Amino acid sequence: MCASYGLDPRFTDAELLAEADEAVLEGLRSWAAGNAGETLRPTGRNLRNLNPVVRFDEGAPTLEHAWWGFLVDGKPARFPSINTRSERLQEQPGKARGRAIVPTTGWFEMQKPSRVWHEFGLGSGILFGMAAVTQRGRTPDGDWVTCYSIVMRPAPEHLAGIHDRMPVLVPSAFADDWLGADPSRELIDQALAEASRLDERVAAVPRPDDKGPQTLF
């Protein structure tokens, strides 16, 4: 399960979109700076944070602030919804009708039974994207927002000893396809194949915990 991740405003190498969209990148820097290095966590009854995601709007990548987790009947879903298994999307690709890319500079997982936190990423200061599925939801205040769930897959062998699953990473060259292609089993299969190309680059660094200023590189 991915339940926390970071977004360092000092990123210097962006691997989010094939063609860097300066408006998107500047929006991310501004938001992350205002977030002051705080760890990004699921949205809920008490924590009403909206986190930045990239979606297609009229065929162009656009930055949007979204609710992490699904809303049902104006309330956070009673079922686990911050993550979605890739296997489920392969079986039911229609659930990937709405999609987004979640920008991050690293996500966090606790290794068990040692209970040691690790930060996973592509390297210091590198901004990259995690695949997400989206749907509209009504907040407890009555506002309609985009909700997102990060897509998870089995971890490769060199990471599985720390955590058995990881987000589906979206290489920049595949970003347009993930955001704009029709939902299908073939699209999910391709996303998994493209994500596996990044496996060797993903490294895990031990951390004291998943919060505070250490989320900044």
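The structure is a predicted model, in which local features need pLDDT of at least 70 and side-chain atom pairs count only at pLDDT 80 or more, while totals for chains, interfaces and linings use all residues. Residues are numbered from 1 along each chain as its sequence is written, and side-chain values use heavy atoms, with hydrogens and water left out.

The secondary structure of the protein consists of five helices and 15 strands. Helices (H or I, at least four residues) and strands (E, at least two) are DSSP runs, numbered from the N terminus. The radius of gyration is 16 Å, close to the 17 Å that the globule rule gives for 217 residues, so the protein is as compact as a globular protein of that length. This radius is taken over C-alpha atoms, and the globule rule is 2.2 Å times the number of residues to the power 0.38. Along its principal axes, the C-alpha trace spans about 40 × 40 × 40 Å. Of the 217 residues, 51% count as buried; buried means under 20% relative accessible area, exposed over 50%, and partly exposed in between (1.4 Å probe, protein chains only). The protein exposes about 10300 Å², of which carbon and sulfur atoms supply 49%. Accessible areas come from the Shrake-Rupley method with a 1.4 Å probe, and for residues only the protein chains shown count as cover. Among contacts (heavy atoms within 4.5 Å) with a separation of 6 or more, 69% are between residues 24 or more positions apart.

Strand β12 (residues 144-154) is largely enclosed by the rest of the structure, because nine of its eleven residues are buried. In general, strands of a sheet pair through backbone hydrogen bonds, either parallel or antiparallel. Here, two strands count as paired if DSSP finds at least two bridges between them. Strand β4 (residues 60-68) pairs with β12 in the parallel sense over two bridges, and W68 has Y148 of β12 as its bridge partner. Strand β7 (residues 83-85) also runs parallel to β12, with three bridges between them; N83 is bridged to I150 of β12. The pairing of strand β11 (residues 126-138) with β12 is antiparallel and has seven bridges, with V133 standing opposite S149 of β12. β11 and β12 form a hairpin with five residues between them, and G142 in the turn has a positive phi of about 95°. Strand β13 (residues 165-167) pairs with β12 in the antiparallel sense over three bridges, and M166 of β13 stands opposite R153.

In soluble globular proteins, nonpolar side chains tend to be buried together. A nonpolar core is defined here as a set of buried Ala, Val, Leu, Ile, Met, Phe, Trp, Tyr and Cys residues joined through side-chain atoms within 4.5 Å. The largest such core has 60 residues, of which Y5, W107, Y148, I150, L169 and W178 touch the most other members. Strand β11 gives the most to this core, with seven residues. When residues up to four places away in sequence are not counted, I150 touches C2, Y5, W68, I82, N83, T84, V102, M130, A131, A132 and P167.

An open sheet of four strands has the order β1-β9-β10-β15, with antiparallel pairing. β1 (5-6) and β15 (203-207) stand at its edges, each with a single partner strand, so one side of each is left without a neighbour in the sheet. Two bridges join β1 to β9, and G6 stands opposite G106 in β9. P206, which is located in β15, is exposed, with a relative accessible area of 56%. Leaving aside neighbours within four places in sequence, P206 is in contact with V116, W117 and H118. P206 and M110 are 96 residues apart in sequence and 9.3 Å apart in space, C-alpha to C-alpha.

T105 lies in the loop between β8 (98-104) and β9 (106-111) and, at 0% relative accessibility, counts as buried. A polar atom of the T105 side chain lies 3.0 Å from the backbone nitrogen of D8. A20 is placed in the loop between β2 (13-14) and α1 (22-35) and counts as exposed, at 53% relative accessibility. A20 and S172 are 152 residues apart in sequence, and their C-alpha atoms are 9.3 Å apart in space.

Terms used. A polar contact is a pair of N or O atoms within 3.5 Å; within protein, one must be able to donate a hydrogen and the other to accept it, and residues adjacent in sequence count only if both atoms are side-chain atoms.
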